[in-house]
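Please look at the chain as a whole before turning to its parts.

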Amino acid sequence: MIESSLEQQALSQLNSAHYKEAIGLYKKLMQISDKEEWEQKIAYCYLQRALSFAARNMVKEALVLWVNYTQYVQPPYDAYDHYISWLIDTNNQAKIYAALQQLSTEQLDKQYSELAALLGLLMITDHPEFQQYLPQNSIFIAHFQIVQTALQSYQDNNKEKVSEALKQLPYRSVFRDFRTLLNVVLVIPNESEEGPRLLAKIPANSPYRQVALLLQACTKEGAELVDGLLLFNYKQRRIIGDIKRLNKKQLEFVDQLVKHKDHLSNKVKFNLAVKFKSLMGPELAQKYCQALLVDYPAGRRDFNKKFSSINEFEENRLTALTCERDNNYYDAEYYWKQCIGLLINEDADNDLKIALILRHIAAQQPESDEQIELLIKSLEYDPEDRECYLQILHHFSHERGTEKDYKYWLAKTLDKFPQDIDVLTQAIKTATHNKTYKKACQYAVKILKIDPINSYAKQVLFSSHIAHARRLILEKKYQRVEKEIQQAEDLNIGKVYHIQTQLMRGFFCFVNQDKKQGLQMIVESLTRLNSDPVNIHFQATMEAQLTGLPVATILRELPTVKDSVLSIQELERLIQQLQGYAYEVENQPLIYKSLEKIKPALKKSLQQDIIEDLLLTLCQMFSEINYYELIRHCAKQALVKWKKPIWEYYKVYSETKGMPERSSHSNIMRLENSREQAMHDKDHRAMVLIDRFLNQYHRAHPERNRGFLDEIFGSQEDDEEQYFDDPMDTLFGHIPDKVLIKLEKKLQSLYQNISPEMLVEQLKKVIGDDKNVLLAMMQTPDLFSALLMLTAADELDIDINVSVGDVLDCFGIDKQTDIFSFPF
């Protein structure tokens, strides 16, 4: 009974791979009865434990367990090839020789191919003596003799005999990877692509894999070779160096890279480039070190010692880049402009360089009028830059009051790039927005000639034909309607578009042929396009209004929207429809009326659990058509879940019906706090919307808050005498409000980048080394503001007719030098 229970426990532990526990239980069983079966189980467990330890690189422990294994079995032993490989790992010569002598021809040639491959490599390299302990009548030894012949021929530089010998090795020989390696060695001097292809054939588990990696490094050149060398040890790098015929200096350079590879700072890179400039060539070394000076300014002195001195242009360029590294974009722009001035005065053709610098300055600035002015200026020097044109177009297409500029630049861009798909796409959007559908179609046709499968162009053509068909129905010009519908259908875009053409045919049939049949076609098409009554009613109302058909007559034929609740997918479908119809501005009142028809169902649908992005998209769509009731409903639902600035904005926006001037003081304070939170959360969308709202409010109520200029010029509520004595007003009171607003925006950025000390340093050419001015700025902040106002005017290229001398005179500051006007 006890024996049976123990045996079951032992078998259970063995099956669970708990070999140590199983060995203990089987040894207990052996004390009860000496069964051969249990001895075999013990041996099996010892062998499995040995293999497990070896897999974890615990080879010595594996060998101890192997000895225990051999006490319970007789030769030939299982996994004998593993045992020999463990002995090789421990370099126990005596035991290796004894174990090799026990190998049979069968084992060496057929059973232990992996061990045979390893032994072959060792015999070729470090242990040729292994040969005498192996079966001499084996295929392995015969193949090894062929390998020796090939190696001798290689040493004799007899490539023909090498090839003849290698051909004698069969395809499945354990020396096949050696054959591949030697073939690679033969082709490496020719820089043939054959080498990497052959090396790829050597598998990852091959004992020759490490040698293959060495040779693979030998097939590379330049930076790739250096990167490859960093992966190897000193001895391996010397082998590669010999094959590649690298000189002592080159190998020393690689050794230095290996030494510093984990801490390759700019200083280390600079010093290495200087030390090994003979390898790079003095010109390339100088360019490399010069580029490093941006991030390693401490190397400037060493640079001047080792290389020719930097010219004025490079001095300004490096200073500009250093300023940018420190996020000092104001000073960076100054030094870039110095570079431009130097380039303009040179005889060489520097137009492209100037254009690139102007674009670089623009890229460091937020999107603004100043940025676009720089891009436009750059085109005077390099008028072929397509991205520049597109950026300018993008700016003017999103700014209010720039319609003329946009049209001008669109025409110029089309003239410059008449076959460019991005430019033609922009032209299509403009033509559609301007309701010049014929032009939009012409541009779309141009795109399709360049790219016949362009889906956007096809959709534009389709929409243009459908919009034209609607307008013809509305104007009762029925004779051309079918032609437009057919042209849309012939584009063959897809199933949904085909259904839309059928819907349009339904409306056409209703007004021109058979009302009953037309209604049937309308209902059928709407049902196929939409899966819910709400979307059906919305689309039906929109299309009826666009074609001048009676809305009520069509809605009576449709399923009721009462008690309908839209799913997430159905809400997404509604958004898709809103976006499609809102593309044309004149549709907005019609969208409003159509939403009125489904408002109860829509409100009910918005009360369910909706993801924030979906609700935000709906809010944006409702704001485009000024549907404040639904915006308020969205914001109310959102604020229950997400206390975010964007929802506070939409709440206030809807309550004031989009009129900031009507906002209460408490709402403004709430938005001010929300803006701070948006800035902290890096919610740029909320910041832009809130800023726009607050700016409009303050423009409507200047007496409540004049913003940043209030700090400079003082309050309007100051008494009249104080107002006229204010030096800021004396100096700048003549400047129009529109210009002052521009200066205010520039001042805000200058305050962040320029300190009084920096300003005095910039004014040295004007005021000399006058410490009185700095002291006065510290005591009178308005003096700093006034001088900075001149800097802002200079940056914006605005003539305000005020000089540095005027400012110092106004504040009663004595001067050591003559004063002259900006720019300085």
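The paragraphs that follow describe the model step by step.

This is a predicted model, in which local features need pLDDT of at least 70 and side-chain atom pairs count only at pLDDT 80 or more, while totals for chains, interfaces and linings use all residues. Residues are numbered from 1 along each chain as its sequence is written, and side-chain values use heavy atoms, with hydrogens and water left out.

The pLDDT is the predictor's confidence in each residue, from 0 to 100. The protein averages a pLDDT of 84, and 91% of the residues score at least 70. Over residues 706-725 the pLDDT is below 50, and this stretch has 25 contacts beyond near neighbours in sequence; contact means heavy atoms within 4.5 Å. Residues 815-824 also have a pLDDT below 50, with 30 contacts in the model beyond near neighbours in sequence. Where pLDDT is low, the predicted coordinates should not be read in detail.

What does the secondary structure of the protein come to? It comes to 50 helices and zero strands, where helices (H or I, at least four residues) and strands (E, at least two) are DSSP runs numbered from the N terminus. The radius of gyration of the protein is 42 Å, whereas a compact globule of 824 residues would have a value near 28 Å. This radius is taken over C-alpha atoms, and the globule rule is 2.2 Å times the number of residues to the power 0.38. Along the principal axes, the C-alpha atoms fill a box of roughly 110 × 95 × 65 Å.

Two packed helices are described by the angle between their axes and the distance between the axes. Axes are lines fitted to C-alpha atoms, for helices over the stretch in contact, and angles run from 0 to 180 degrees between N-to-C directions. Angles under 35 degrees count as roughly parallel, over 145 as roughly antiparallel, 65 to 115 as roughly perpendicular and the rest as oblique.

The axes of helix α5 (residues 80-90) and helix α8 (residues 113-124) cross at roughly 30° and come within 10 Å. The two helices α5 and α8 are therefore roughly parallel to each other. On the α5 side, D81, I84, S85 and I88 meet L115, L118, L119 and L122 of α8. This contact of α5 with α8 has six nonpolar, one polar and one charged residues; Ala, Val, Leu, Ile, Met, Phe, Trp, Tyr, Cys and Pro count as nonpolar, Asp, Glu, Lys and Arg as charged, and the others, Gly among them, as polar.

Helix α23 (residues 351-363) and helix α24 (residues 369-381) have axes that come within 8 Å and cross at roughly 170°. That makes α23 roughly antiparallel to α24. Their contact has ten nonpolar, two polar and three charged residues.

Most residues other than glycine have a negative phi, and most peptide bonds are trans. A cis peptide bond, with omega about -5°, joins P75 and P76, and P76 lies in the loop between α4 (59-70) and α5. N327, which is not a glycine, has a positive phi of about 60°; N327 lies in the loop between α21 (312-325) and α22 (329-345).

Finally, M521 has its place in helix α32 (residues 515-529). Not counting residues up to four places away in sequence, M521 touches Q502, R505, G506 and C509. The C-alpha atoms of M521 and Y46 are separated by 82 Å, and these residues are 475 residues apart along the chain.
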